[in-house]
Amino acid sequence: MPKKSPLVIGHRGAPGYRPEHSRSSYELALAMGVDAVEPDVVASKDGVLVIRHENEISGTTDVADRPEFAGRRTTKRIDGQPLTGWFTEDFTWQELSTLRVRERLPEVRATSASFDDAQPILRLTDLLDLVRAGSVEHGREIGIVLEVKHATYFAGIGLDLAPLIARDLRAAGWADGELPLVIEAFESTVLGQLRAEGIAASYIYLIEASGRPYDQVAALGAHAKSYKSVVRPKGLDALVGSVDGISVNKRMLLVPGNTIVADAHARGLKVFTWTARPENAFLAAEFRGDGPRGSFGDYEGEWSVIAGTGVDGVFVDHPDLGVAFFRN
């Protein structure tokens, strides 16, 4: 990755301004100066890796308005939780390619929602090519922080994500370390599988503020360790040698007196955090303004606390604001 600290990472592109994971969202993030962009990957029925926030796509595409797909609506258990909607693994790539993307949070981001239904879904290979070309166009090295979604679930239905990801990274020239690549997941198992595939990348373990990783729940049941235990000294000790760092929910860094970053750094681990957003809807209570959910609150106050921890990378939805703030 570029030698900057903290890295400013366009979270799903620039979703504060364009529907997340759309081509225009990524192109805008590159133009606004990010060090990297972050796609989420899930799989189609025929093993094509597509870029969506989740495998359930009714909130981010026009699928619910497409009568030819009405019969695909169903209920599944994803990571142990029931979920009703339309799922990428029930569609071929040819079918998915006919859908158009939509803003996931239209009540908060009306401007972004004005770009609904204008762009198709991207494949992982599309984005790999886009970022490579964008690095040339903008004259700087730009990386990808690739998030693997629901790997245990997909493996359970016969769609192992690790070999599919390795296939696409190799085909696009991103597998051998020539281009800046980070791979992250909330499940450590798939990170180990991609290491075993020989993919040259930095590996980052995503950490939620609560709950337990589903791969461990599936394997160990009630004995699975919590995410919170991972950021304690003994938990961090256990990560050394298996991953290169962690990426924590920003709420964990906003807890007064926390030593997560210092403890990780002492063990040679990097720390990223997600997601720095300026709207009241996403700010911690003490930084919210008096306006509606979509209005900007005291995001600079919140981001100052985050920056003060010494974090190595920050995911942002508004890349222009992130670059302006974290580069000062």
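How many bridges join strand S8 (residues 181–185) to S9, and do these strands run parallel or antiparallel? Four bridges join S8 to S9, and the two strands run parallel; strands are said to pair if DSSP finds at least two bridges between them. Within this pairing, valine 182 stands opposite serine 202 in S9. Strand S9 (residues 202–207) is mostly covered, with five of its six residues buried, where buried means under 20% relative accessible area, exposed means over 50% and partly exposed lies in between, using a 1.4 Å probe and protein chains only.

This is a predicted model, in which local features need pLDDT of at least 70 and side-chain atom pairs count only at pLDDT 80 or more, while totals for chains, interfaces and linings use all residues. Residues are numbered from 1 along each chain as its sequence is written, and side-chain values use heavy atoms, with hydrogens and water left out. Helices (H or I, at least four residues) and strands (E, at least two) are DSSP runs, numbered from the N terminus.

Two packed helices are described by the angle between their axes and the distance between the axes. Axes are lines fitted to C-alpha atoms, for helices over the stretch in contact, and angles run from 0 to 180 degrees between N-to-C directions.

| Helix pair | Axis angle | Axis distance |
|---|---|---|
| H6 (residues 161–171) and H7 (residues 188–196) | roughly 45° | within 9 Å |
| H1 (residues 23–31) and H4 (residues 124–138) | about 30° | 10 Å |

The axes of H6 and H7 cross at roughly 45°, which makes H6 oblique to H7, whereas H1 and H4 pack at about 30°, which makes H1 roughly parallel to H4; angles under 35 degrees count as roughly parallel, over 145 as roughly antiparallel, 65 to 115 as roughly perpendicular and the rest as oblique.

Ala162, Ile165 and Ala166 in H6 meet Val190, Gln193 and Leu194 in H7, contact meaning heavy atoms within 4.5 Å.

Phenylalanine 69 lies in the loop between strand S4 (49–51) and strand S5 (74–78). Phenylalanine 69 is buried, with a relative accessible area of 6%. Leaving aside neighbours within four places in sequence, phenylalanine 69 is in contact with Val63, Trp86, Phe91, Glu95, Thr98 and Leu99. The C-alpha atoms of phenylalanine 69 and tryptophan 86, which are 17 residues apart along the chain, are separated by 8.6 Å.
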